[in-house]
Amino acid sequence: MKNLDKDIFELIEKEEERQIKGIELIASENYVSQNVLDATGSILTNKYAEGYPSKRYYGGCEIVDQIEQLAIERLKLLFNAEYANVQPHSGSQANSAVYLACLKPGDKILGFDLSHGGHLTHGSPVNFSGQLYNAFFYGVSKDSGLIDYKTMREIALKEKPKMLICGASAYSRDWDYSFFREVADEIGAILLADISHPSGLIAKGLLKDPLQLCDIVTTTTHKTLRGPRGGVIMMGKDFDNPWGYKNKKGDKKRMSTILNSAVFPGSQGGPLEHVIAAKAVAFGEALQDNFFEYMLRVKQNAHCLSEGLSSLGYDIVSDGTDNHCLLIDLRSKNITGKDAELALGQADITVNKNMVPFDSQSPFITSGIRIGSAAITTRGITINDINLIVEYIDEAIYLYKNKKNTHSLSKKVNKTMSEFPIFKY
Ligand code: PLP
């Protein structure tokens with residue numbers, strides 16, 4: 001069958017080779033287990049199942065109902081959540097459904113500034129969230145690189161946004177959810193935590209838990225959680241909607257009902273049941289004790305990367321990391337984020353350029369790179385191997401700046417990675 005479409009399957013093989021031979025340091029990526037891959041590539045992709053388990057708009061859903069219900073139950077158990085929706089096709093879709101449920105166009109929202117490490121869907125003007133809603137931003141303080149909670153509160157009290165959003169794409173420190181809770185209560189805002197990046201660490205108790213403090217929590221499933229590409233929405237506790245919306249019987253609608261309607265039919269059609277099955281597999285894996293060991297190693301590896309790079313004079317924003325990622329400000333190394341991404345890419349080390357707080361460069365150039373430890377840790381890399389990776393990073397940047405050939409370095413990188421399977425733990 002495969003040779004019927006040589007073009008595509010040859011390219012998939014090449015991509016597999018690329019993923020195996022390089023050092024993957026993109027903080028939002030990971031390698032999934034064979035079981036997650038098998039479920040994602042299964043015949044469940046053939047099934048339409050608009051609606052929710054036992055309330056579908058299509059026949060023949062008896063089996064996918066059980067799959068989706070298992071995914072929901074496992075996710076609830078993993079995060080101690082009273083409510084879970086596993087249908088969002090991505091993290092962005094999860095956030096858009098939450099906004100649809102809680103906001104009207106033009107309402108104010110307050111999120112973490114994209115240029116300080118936030119995400120597009122938290123109000124960026126180039127994203128629907130900044131175009132449909134009136135977005136305000138908080139950021140980090142210039143001295144510490146840590147979230148400026150005081151200014152965040154001042155903006156919140158002044159603007160009184162309907163929704164307060166915590167969470168980031170490139171912030172390496174833990175979040176003070178209780179402070180956000182206090183501020184949200186002061187102004188009567190809905191508090192959303194988008195834990196897309198650290199969700200795996202949160203699930204295993206290695207970072208503070210937002211589930212019982214924030215009203216709604218969203219996450220992608222493909223980063224530290226190590227599942228298929230997708231999103232989910234959760235609530236630690238369900239609650240009556242604060243806007244007085246009633247059902248046909250005249251009772252106040254629960255938030256769970258409103259969120260479910262905002263996903264389907266509000267912003268999506270048929271759920272991807274093959275991906276939902278793969279989410280269920282990943283949640284099952286994350287519920288195992290050895291996932292705690294994996295997450296612990298991810299955290300240790302990120303810490304060692306940060307220490308190693310900092311000992312070579314790299315400027316780590318906020319001086320370290322509490323989670324799986326770090327943001328490197330390259331201004332002291334006289335190289336842009338764009339060039340560093342290129343330099344490392346030539347040596348088969350994959351990272352992404354990233355704005356650093358108070359960046360003077362554009363988002364296409366940037367002054368920084370973001371690196372993460374989730375993917376390399378899945379391959380079995382431990383703190384004993386981190387120094388070598390730090391040396392490779394430094395050598396790649398040195399060679400690029402001095403216009404030297406990276407061929408022998410990429411050979412060394414490939415040799416090192418040939419000792420690690422694509423999925424070890
Ligand atoms: N929220 C945060 C904090 C993210 O980091 C990301 C992805 O990078 C998303 C949402 C969006 O997820 P997706 O790319 O699946 O739409």
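Here's a quick briefing on how this chain is put together. It's a predicted model: local features need pLDDT of at least 70, side-chain atom pairs count only at pLDDT 80 or more, and totals for chains, interfaces and linings use all residues. Residues are numbered from 1 along each chain as its sequence is written.

**Domains**
- The protein splits into domain 1 (36–286) and domain 2 (289–417), with bounds from an automatic or database domain assignment.
- Their C-alpha centres sit 29 Å apart.
- The contact (C-beta atoms, placed from the backbone, within 7 Å) takes 25 residues from domain 1 and 24 residues from domain 2.

**Core**
- The largest nonpolar core has 122 residues, and Leu75, Val98, Leu164, Met234 and Ile349 have the most contacts inside it.
- A nonpolar core here means buried Ala, Val, Leu, Ile, Met, Phe, Trp, Tyr and Cys residues joined through C-beta atoms within 7 Å; a residue is buried if 20 or more other C-beta atoms lie within 10 Å of its own, exposed if 12 or fewer, and partly exposed in between.
- Both domain 1 (36–286) and domain 2 (289–417) give residues to this core, so it lies between them.
- Leaving out residues up to four places away in sequence, Met234 touches Leu75, Phe79, Ala81, Tyr83, Ala84, Leu211 and Val217.

**Helix α9**
- Helices are DSSP runs (H or I, at least four residues), as are strands (E, at least two), numbered from the N terminus.
- In α9 (residues 255–263), the buried residues are Met255, Leu259, Asn260, Ala262 and Val263.
- Among the elements covering them are β4 (83–85) and β10 (231–235).

**Ligand**
- Of the 14 residues around the ligand (C-beta atom, placed from the backbone, within 6 Å), Ser90, Gly91, Ser92, Ser169 and Ser196 come nearest.

Notes. Contact = placed C-beta atoms within 7 Å.
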